[in-house]
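Work through the exercises below with the sequence and the model open. Each task is followed by its solution in steps.

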Amino acid sequence: MVELFTDGACSGNPGPGGWAFLLRHPKTGKAVERSGGEPDTTNNRMELRAVIEGLGSLTRPSIVELYSDSQYVLNGLKEWMAGWKRKGWRTASKQPVKNVELWKQLDALKDRHEIHFHWVRGHDGHPENERVDRLAVEARERIAAAR
C-alpha cells in the first residue's frame, strides 16, 4: 500500500504549468517526490499529469491511496471515465472528452492498481497537499523563467 499526493499549477489557462507528486510508503515512511512542467498547458492537464506521473512511477501493482484537491481528476476517475469509454470517449453531450490522451494514459495506469480516492481541500493546511502544491508552483516558475 502506498499514499500518492498530487497537485498541478498553471499561470494563465493556458500558460506555463507545473505538476508534482509525493509517493510515500506509510509503514516505512520512505517517500519520493517528483515534479515537472510544460510551457503552454492548463491547470486540468497538470492535475492529470501529476497523477499519471505518480502512478507511472510505481514498479508493481499496488493499493494506492490517492489524495488530490482536483475534483476534475477524482470525479473523472470515479464517475465519468467509464461512461466516456462506453461512448467512444465522448461526453454526455456527445462532445469529445477534453484532454483525452491524458485520460487514456490514466485509464491504462489505473487498471494496474487498486485506487482509493480522497479529496483534500486545497490551500487548507494539509501538509502533503501543501508540499505538492509548492513543488508544482516551483516547477511552473522554472518553466515560466525559461520562456
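The model is predicted, so local features need pLDDT of at least 70 and side-chain atom pairs count only at pLDDT 80 or more, while totals for chains, interfaces and linings use all residues. Residues are numbered from 1 along each chain as its sequence is written, and side-chain values use heavy atoms, with hydrogens and water left out.

**Exercise 1.** Find which residues of the largest nonpolar core touch the most other members.

Step 1. A nonpolar core is a set of buried Ala, Val, Leu, Ile, Met, Phe, Trp, Tyr and Cys residues joined through side-chain atoms within 4.5 Å. Buried means under 20% relative accessible area and exposed over 50%, with partly exposed in between (1.4 Å probe, protein chains only).

Step 2. The largest core has 27 residues, and those touching the most other members are Leu-55, Val-64, Leu-66, Trp-103 and Leu-106.

Step 3. Two or more residues come from each of strand 1 (2–10), strand 2 (15–24), helix 1 (43–56), strand 4 (63–68), helix 2 (71–86) and helix 3 (100–110). Helices (H or I, at least four residues) and strands (E, at least two) are DSSP runs, numbered from the N terminus.

Step 4. Another core, of nine residues, lies apart from this one and includes Ala-9, Val-120, Leu-135 and Ala-136.

**Exercise 2.** Determine how helix 1 and helix 3 cross, and which residues meet.

Step 1. The two axes, lines fitted to C-alpha atoms over the stretch in contact, with angles from 0 to 180 degrees between N-to-C directions, come within 10 Å and cross at roughly 25°.

Step 2. Helix 1 is therefore roughly parallel to helix 3. Angles under 35 degrees count as roughly parallel, over 145 as roughly antiparallel, 65 to 115 as roughly perpendicular and the rest as oblique.

Step 3. Contact means heavy atoms within 4.5 Å. From helix 1, Arg-45, Leu-48, Arg-49, Val-51, Ile-52, Leu-55 and Gly-56 meet Glu-101, Leu-102, Trp-103, Gln-105, Leu-106 and Leu-109 of helix 3.

**Exercise 3.** Is Val-120 buried or exposed, and which residues does Val-120 touch?

Step 1. Val-120 lies in the loop between strand 5 (114–119) and helix 4 (127–146). Its relative accessibility is 9%, so Val-120 counts as buried.

Step 2. Leaving out residues up to four places away in sequence, Val-120 touches Tyr-67, Ser-68, Asp-69, His-126 and Asn-129.

Step 3. Ser-70 is 50 residues from Val-120 in sequence and 8.2 Å away in space, C-alpha to C-alpha.
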